[in-house]
Amino acid sequence: MNKMILMAPALIAGMLVAGCGERPADSTAVADPAASAPASAPEASVVAPVAAATVPYAMMAGAPTVGHCALDVVNGIHAPSVTVPVGSKAMFGGWAASPEIQVPVDALFVLANGADSHAVPLVAGAERPDVAAALASEALAQAGYNLEIDLAAVPAGSYGLVIVLDQATSAYCDLGTRLVLE
């Protein structure tokens, strides 16, 4: 029993690091569309997800990568590639920070697939004390997001997930995750 008590701090520290952008070794996961609301990280508060339908979005060619961000879960799964059924809804949880280390304003969560990209407004507000500590900015204490996205207008295919932090230039933060709609 004493070993279990001594291991708890190490397990908690490992979860904190995982919530700040590290990716697991699995290569593909299939998401259950009926999964409950994602917890952005074990220590993050889960606020009611923001529901949104996608709209077509055209990213500018050669857009720069900027800022800091992470996608912690899609339908409760943390993997570099997640598959969901075409026409379903999906839950996305993570965090985002502007290049100025602030919670982004007017950012977009984008399913990027060239000319067939789709976007929803990114609404932050979930508590992320782990992100604020990791990036040494109290301004990021509520940098988390929980989005429920209706994918009905998004055709089958493979989409890179990014957060556009500057709509004028399409400057974005790459979430390092692919969403496959089948």
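Colleague: Is Asn 75 buried or exposed?
Modeller: Asn 75 has a relative accessibility of 3%. Under 20% relative accessible area is called buried, over 50% exposed and anything in between partly exposed, using a 1.4 Å probe and protein chains only. So Asn 75 counts as buried.

Colleague: What should I know about the model and its numbering?
Modeller: This is a predicted model, where local features need pLDDT of at least 70 and side-chain atom pairs 80 or more, while totals for chains, interfaces and linings use all residues. Side-chain values use heavy atoms, without hydrogens and water, and residues are numbered along each chain from 1.

Colleague: Where is Asn 75, and what is its phi?
Modeller: Look in the loop between β4 (68–74) and β5 (81–84); strands are DSSP runs of E, at least two residues, numbered from the N terminus. Asn 75 is not a glycine, yet its phi is positive, at about 50°.

Colleague: And is Asp 106 buried or exposed?
Modeller: Asp 106 sits in the loop between β6 (89–97) and β7 (108–112), and has a positive phi of about 60° without being a glycine. Its relative accessible area is 59%, so Asp 106 is exposed.

Colleague: Which strand gives the most to the lining of the largest cavity?
Modeller: A cavity is a set of points on a 1 Å grid over the protein atoms alone where a 1.4 Å probe fits but cannot get out, and lining residues have an atom within 4 Å of a point. Ten residues line the largest cavity, and Leu 71, Val 74, Ile 77, Ala 79 and Thr 177 lie nearest its centre. With four residues, the top contributor is β4.

How values were computed. 1 Å grid on protein atoms, 1.4 Å probe; cavity = no way out; pocket = protein on both sides within 12 Å on 5 of 7 lines; lining within 4 Å.
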